[in-house]
Amino acid sequence: MTPDTSSLLAHPDRNLALELVRATEAAAIRATPYIGRGDKLAADGAAVDAMRAFLGTVNFDGVVVIGEGEKDEAPMLYNGERVGNGRGPACDIAVDPIDGTSLTAAGRQNALSVIAVSDRGTMLDASSVFYMDKIVTGPEGVGVVDIRKPIGENIRALAKAKGKNVGDMTIAILDRPRHAQLIEEVRAAGAGTRLMLDGDVAGGINAARYETRIDMCVGIGGSPEGIVTACAVKALGGLIQGIMAPKDDVERQKGIDAGLKMDYVYEANELVNSDNTFFVATGVTDGGLVAGVRRIGPIIRTESVVLRSKSGTIRRIGADHLAEKWL
């Protein structure tokens, strides 16, 4: 046994993600009655309640850095809340019981239940500025792509690194009016676009994975989602960069007061300063990353993905749950 292998096996937190997946499974299952029903608040509320309950049983001492805030005047997975049973490793945790509440309400694809974890004190608290301009690629983009460069230049450089024609490149972007010029520039460079209605966590992770059709994910999305995505990208060996994108001068000053740097490129290790990150996601609705929750007779079937940066492992977990225990 090599020293590195021995070290990995000795870590008491090595199965933490396999415990956390129970919380994302619970959140995804509880949200399913609301899929396509047009009530995103009810879907999110059910997922939050289920995730919080299950997190309380996990052997770790977690502090929520990226959370849900308050719901119905009761604190639920808010920033600074302690979660877990208090025993085990001390961690920062980012939660998104449903990344894509609008997708869930509309019955669209790519809604996920997500948890990301890193060592205590390593996760950037970007909650004071809601939006972040991001770029995500797979390992081929490391040292090749830079968010400060024009998008066309980045596309051509990444295509060369991947041994692809620019015309075969696909760039994922949130379909928002603010991205109209960016979309035009991507297409002018000769690449295709994959416009996402919501859920840029899935878009970023798919850009970092080697077996998907998405080569790059760019544009302005949520800052919390950027931190969550960084935990996954570190496990995939990809590239992520982010620049805070405050909506006005008031939010900009709020971010500065909170210690955030403006007009500054945050690299992966500044978003999450740990080589021991976990990312766990369970599908709520079907998508390119995982399948959504399915009812099959007396069974509820879930699919989850579990990533850990320290070991470089990617696990897919399929589970069948007795429906009578849940719904």
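Which residue stands opposite Val218 in β10? Ile173 does. The model is predicted: local features need pLDDT of at least 70, side-chain atom pairs count only at pLDDT 80 or more, and totals for chains, interfaces and linings use all residues. Residues are numbered from 1 along each chain as its sequence is written, and side-chain values use heavy atoms, without hydrogens and water.

**View 1. The open sheet.** Six strands follow the order β9-β8-β10-β7-β11-β12, with mixed pairing. Strands are DSSP runs of E, at least two residues, and helices are runs of H or I, at least four, numbered from the N terminus. Strands pair if DSSP finds at least two bridges between them. β9 (192-196) and β12 (266-267) are the edges; each has a single partner strand, so one side of each lacks a neighbour in the sheet. β8 (residues 170-174) runs parallel to β10, joined by three bridges.

**View 2. The largest cavity.** This cavity holds about 100 Å³ of space. A cavity is a set of points on a 1 Å grid over the protein atoms alone where a 1.4 Å probe fits but cannot get out; lining residues have an atom within 4 Å of a point. Volume is the space filled by probe spheres set on the points, which are joined across faces, edges and corners. Of 16 lining residues, Lys134, Val136, Asp200, Cys217 and Gly219 are closest to the centre. β10 gives the largest share, five residues.

**View 3. Helix α8.** Just after α8, Gly237 has a positive phi of about 75 degrees.

Definitions and conventions:
1 Å grid on protein atoms, 1.4 Å probe; cavity = no way out; pocket = protein on both sides within 12 Å on 5 of 7 lines; lining within 4 Å.
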